[in-house]
Amino acid sequence: SKLAQMTTPSRTPWGTGLTVAAFVAAVTAAAIIVLSLGLLRVHPLLAVGLNAVAVGGLAPTVWSWRVRPVWRWFVWGTGLGVALGWIATLAIALGR
């Protein structure tokens, strides 16, 4: 019946979802690393400030998407990508 279909939980597509999250994480991390390294050449505080403003501005909107079935994978991928991008940027900056 229609009611049974509405109340039956759907299966979570873990394979596809984790693949999407990994791809989004890789693209996000690469973008953050490239942009941050360019800003570091101008001034380190500029890189830190613009990263903070960008993430602080986008975080509430992206975080609200986590309850949507498809968009949640983009949210987790973006969060992981930002963290990895910051760690890699910090490691590269300190290694110079």
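This is a predicted model: local features need pLDDT of at least 70, side-chain atom pairs count only at pLDDT 80 or more; totals for chains, interfaces and linings use all residues.
Local features require pLDDT of at least 70 and side-chain atom pairs pLDDT 80 or more, while totals for chains, interfaces and linings use all residues. Residues are numbered from 1 along each chain as its sequence is written, and side-chain values use heavy atoms, without hydrogens or water.

Lining residues have an atom within 4 Å of a point. A volume is the space filled by probe spheres set on the points, which are joined across faces, edges and corners. The largest pocket holds about 450 Å³. Its lining comprises 18 residues, of which Ile32, Val55, Leu58, Thr78 and Val82 are the closest to the centre. Helices H2 (14-42), H3 (44-64) and H4 (71-95) each give two or more residues to this lining. Helices are DSSP runs (H or I, at least four residues), numbered from the N terminus. H3 contributes the largest share, 8 residues. The lining has 13 nonpolar, 5 polar and no charged residues. Here Ala, Val, Leu, Ile, Met, Phe, Trp, Tyr, Cys and Pro count as nonpolar, Asp, Glu, Lys and Arg as charged, and the others, Gly among them, as polar.

The second largest pocket has a volume of about 220 Å³. Among its lining residues are Ser36, Leu40, Asn51, Trp86 and Thr89. H2, H3 and H4 each supply at least two lining residues. Again H3 gives the largest share, here 5 residues. This lining divides into 8 nonpolar, 3 polar and no charged residues.

The axes of H2 and H3 come within 6 Å and cross at roughly 140°. Axes are lines fitted to C-alpha atoms over the stretch in contact, and angles run from 0 to 180 degrees between N-to-C directions. The contact residues comprise 8 nonpolar, 2 polar and no charged.

The whole structure contains 4 aromatic pairs (ring centres of Phe, Tyr or Trp, the last by its six-membered ring, within 6.5 Å). One of them, Trp14 with Trp73, is edge-to-face, at 5.5 Å centre to centre and 75° between the planes; edge-to-face denotes planes over 60 degrees apart. Trp14 lies in H2 and Trp73 in H4, so this pair ties together parts 59 residues apart in sequence.

Technical notes: On a 1 Å grid over the protein atoms alone, a cavity is a set of points where a 1.4 Å probe fits but cannot get out, and a pocket is an open set with protein on both sides within 12 Å along at least five of seven lines; lining residues have an atom within 4 Å of a point. Rings of Phe, Tyr and Trp (its six-membered ring) pair if their centres lie within 6.5 Å; planes under 30 degrees apart count as stacked, over 60 as edge-to-face and the rest as tilted.
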